Amino acid sequence: MPHADRTTTGPATVTTTPGAVTSAPGAATSAPGATVWLTGLPSAGKSTIAHACEPVLRRRGLKVEVLDGDAVRPHLAAARGYSRDDRAVNIRRIGWVSELLARNGVLVLVSAIAPFADVRADVRRAHEENGTGYLEVHVSTPVDVASSRDVKGLYARQRAGEISGLTGVDDPYEEPRSPDLVLPAHRQSVADSVTLLVDHLTGRGLAGVPARDEENP
């Protein structure tokens, strides 16, 4: 069943106090590394939000990396296609890289569709096994809005019969049932989505303290 558009807080991956996600032992307690996985349909706004969030977090003195699905694929899964198995391999590889970075104190913003619930669960489990923080963020833009944006022209190409297997159209997208946060990016500005995400990370102890220009806009 589709989510109502709202921000929601689900169970933290690893907690020491309610609402505070921690990383592996020895990580900085004020802002441990973690993976923040933004999942959603093509053209939902995942990459836009991740890249807009990055400088805000860097101004807080955090180590931040963005792993964009399209940018990473040529390096991790260049020989793979878009079958279910190929997509699963790609997502698990991105998950492995993000967990490695996160357990070494980096806040990793992953923007990748990750359409299958069981594969996303595998990535979360791999983080849990290493005591590494993991948050799942659903960018909940519906398919009609995403197709009207069509940032990369994928929906137009699918309608023209040039491609098939487009996630959310003729290939499944399994919405998260209990994400840590839902961003209704089709109902609010990018700035508002960034604010909600950064506030959520701050509440979980993952975003350090606000930069001076945030405290005194």
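In this predicted model, the axes of helix H3 (residues 84-102) and helix H4 (residues 117-129) come within 10 Å and cross at roughly 20 degrees. H3 is therefore roughly parallel to H4, a label for angles under 35 degrees. Axes are lines fitted to C-alpha atoms over the stretch in contact, with angles from 0 to 180 degrees between N-to-C directions. Helices are DSSP runs (H or I, at least four residues) numbered from the N terminus.

**H3 and H4**
- From H3, the contact (heavy atoms within 4.5 Å) involves Arg84, Ala88, Ile91, Arg92, Gly95, Ser98 and Glu99.
- H4 contributes Asp118, Val119, Asp122, Val123, Ala126 and His127.
- The contact of H3 with H4 has 5 nonpolar, 3 polar and 5 charged residues; Asp, Glu, Lys and Arg count as charged, Ala, Val, Leu, Ile, Met, Phe, Trp, Tyr, Cys and Pro as nonpolar, and the others as polar.

**H1 and H7**
- Helix H1 (residues 46-58) and helix H7 (residues 190-203) pack at about 55 degrees, with axes 9 Å apart.
- Thr48, Ile49, Ala52, Cys53, Val56 and Leu57 of H1 meet Val190, Ser193, Val194, Leu197, Val198 and Leu201 of H7.
- By class, this contact of H1 with H7 has 10 nonpolar, 2 polar and no charged residues.

**Charge over a ring**
- Arginine 84 lies over the face of phenylalanine 116, 4.0 Å from the ring centre; the rule asks for CZ of Arg within 6 Å of the centre and within 35 degrees of the ring normal.

**Basis**
- Residues are numbered from 1 along each chain, and side-chain values use heavy atoms, without hydrogens and water.
- Local features need pLDDT of at least 70, side-chain atom pairs count only at pLDDT 80 or more, and totals for chains, interfaces and linings use all residues.

How values were computed
Helix = DSSP H or I, 4+ residues; strand = E, 2+ residues; numbered from the N terminus. Parallel < 35°, antiparallel > 145°, perpendicular 65-115°, else oblique.
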